[in-house]
Amino acid sequence: MEEECKICQMVTDKSNPLRISELDVSVVGLNPNQLFRGYTFVTYKGHVTELYHLSLDERMRFCGEMIRVAKALDEVLHPDKMNYELLGNTSAHMHWHLIPRYKNDGFWGRPIWVRRHEEKRLKEEEYRELIKTIREHL
Ligand SMILES: [Zn+2]
């Protein structure tokens with residue numbers, strides 16, 4: 001664990017209300033911004049910044065868990081497309097962005113980063129219900 005890394009702290013924080021699940025090598029959590037319904041992070045538990053720093057076995061497990069979460073999101077939300085991104089520009093600790101995309105999401109046909117997007121917060125019970133449903137499909 002790196003002391004200055006906010007993601008390391010998040011990984012160990014089991015009280016985070018947006019936490020969906022802890023898998024073998026990753027932690028799954030909902031993005032508080034739900035402009036893209038179901039936007040979820042799949043974060044590697046260890047402080048690692050690049051896929052090629054992992055052993056072949058570990059990278060396969062990390063990708064396998066990410067795909068498992070993507071499939072659960074698809075079953076729950078039926079998006080028109082799934083976006084998978086591993087960026088790490090502001091927080092280098094590896095975390096997948098799983099972004100369900102919808103034809104009416106306002107960014108269809110383009111990455112979500114082409115312009116600023118507004119924040120969409122849900123009510124507490126809406127977060128809880130979405131997290132519960134995703135959990136049931138994992
Ligand atoms: Zn970290």
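Residues are numbered from 1 along each chain as its sequence is written, and side-chain values use heavy atoms, with hydrogens and water left out. In this predicted model, local features need pLDDT of at least 70 and side-chain atom pairs count only at pLDDT 80 or more, while totals for chains, interfaces and linings use all residues.

Reader: In which strand is the place of H95?
Author: Helices (H or I, at least four residues) and strands (E, at least two) are DSSP runs, numbered from the N terminus. H95 belongs to the run of residues 95-101, which is strand β5.

Reader: Does H95 count as buried or exposed?
Author: Buried means under 20% relative accessible area, exposed over 50%, and partly exposed in between (1.4 Å probe, protein chains only). Because its relative accessibility is 11%, H95 counts as buried.

Reader: Which side chain does a polar contact of 3.4 Å join to that of H95?
Author: A polar contact is a pair of N or O atoms within 3.5 Å; within protein, one must be able to donate a hydrogen and the other to accept it, and residues adjacent in sequence count only if both atoms are side-chain atoms. A polar atom of the H95 side chain lies 2.7 Å from the backbone oxygen of H93. The side chain joined to that of H95 by the 3.4 Å contact is that of H97.

Reader: With which residues is H95 in contact, leaving aside its neighbours within four places in sequence?
Author: Contact means heavy atoms within 4.5 Å. With those neighbours set aside, the residues touching H95 are I7, F41, V42, T43, E85 and L86.

Reader: How many salt bridges does a search of the whole structure find?
Author: Side chains of opposite charge can pair when their charged atoms come close. A salt bridge is a side-chain nitrogen of Lys or Arg within 4 Å of a carboxyl oxygen of Asp or Glu. In the whole structure, the number of salt bridges found is 11.

Reader: What separates K71 and E75 in helix α2?
Author: These residues form a salt bridge, with their closest N and O atoms 2.7 Å apart. K71 is exposed at 52%, whereas E75 is partly exposed at 31%. Because they are four residues apart in helix α2 (residues 56-77), their separation is about one helical turn.

Reader: Which residues are linked with E22 in a network of salt bridges?
Author: The side chain of E22 meets that of K14 in a salt bridge of 3.2 Å, N to O. E22 is partly exposed at 40% relative accessibility, and K14 is exposed at 59%. The network links E22 with K14, R19 and K45.
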